[in-house]
Amino acid sequence: MIRRPVAWVVAVVLLAEAFGVAALNWFLGVVVDRQEMSLAGLDPHMMSVSSKIGGIAFGLYFALCGLVALLVALRDRPPAGLGRVLLISAAVVHALLGAFTWGLVGWPAFLFMVLVLALIVLLLMTYDRPAEPADAAPAGGKSGDGSPVTSPPAPTTP
């Protein structure tokens, strides 16, 4: 099936992206710290530290999302609970980053973000289970408690 390979690819991409985001923000923090330049009166050291903290935070976030995808690939079961929420939020983050990168970085970065977004959505969609209709009668025309299935009484008007 396509489910496990997609989960493996998503896990590898998110873990690589976690390292890349953390390294890029760390590098930007070092550049700001060495230039000793202020942006609109902000403290350069504070900008450097906040860039490094933001890079670590986003790196850990993407690493956690990659870990969820890795567990999905290993177990071959759909993500549940917090893992599903993390993957959905990662898809939203990639959609927003894709919108920003189109204008700020260019179309190659936009295509990468859209590709990662598509992979995450494909991972979430391939593990969806078809829902059974709530009003479907069980086999044999009987409900689980042994009583026959009957329709509810018709409403009466006063």
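How far apart are Phe58 and Tyr61 in helix α2, and about how many helical turns separate Phe58 and Tyr61? The two residues are 3 apart, which means about one helical turn between them. Before the views, a word on the model: this is a predicted model, in which local features need pLDDT of at least 70, side-chain atom pairs count only at pLDDT 80 or more, and totals for chains, interfaces and linings use all residues. Residues are numbered from 1 along each chain as its sequence is written, and side-chain values use heavy atoms, with hydrogens and water left out.

**View 1. Phe58 and Tyr61 meet edge-to-face.** Their ring centres are 6.4 Å apart and their planes stand at 85 degrees, so the pair is edge-to-face. Here, rings of Phe, Tyr and Trp (its six-membered ring) pair if their centres lie within 6.5 Å; planes under 30 degrees apart count as stacked, over 60 as edge-to-face and the rest as tilted. At 43% relative accessibility, Phe58 is partly exposed; buried means under 20% relative accessible area, exposed over 50%, and partly exposed in between (1.4 Å probe, protein chains only).

**View 2. Trp102 and Phe110 make another of the 4 aromatic pairs.** This pair is edge-to-face, at 4.9 Å centre to centre with 80 degrees between the planes. Trp102 is exposed, with 51% relative accessibility, while Phe110 is partly exposed at 24%.

**View 3. Lys52 lies over the face of Trp26.** The distance from the ring centre is 4.8 Å. A charge sits over a ring if NZ of Lys or CZ of Arg is within 6 Å of the ring centre and within 35 degrees of the ring normal.

**View 4. Helix α3 runs over residues 82-104.** Helices (H or I, at least four residues) and strands (E, at least two) are DSSP runs, numbered from the N terminus. Among the buried residues of α3 are Leu86, Leu87 and His94, and their cover includes α1 (3-35), α2 (44-75) and α4 (107-126). Just after α3, Gly106 takes a positive phi of about 130 degrees.

**View 5. Arg84 is found in helix α3.** Its relative accessible area is 26%, so Arg84 is partly exposed. Not counting residues up to four places away in sequence, Arg84 touches Pro79, Leu124 and Asp128 (contact means heavy atoms within 4.5 Å).

Notes:
Expected span 1.5 Å × (residues − 1).
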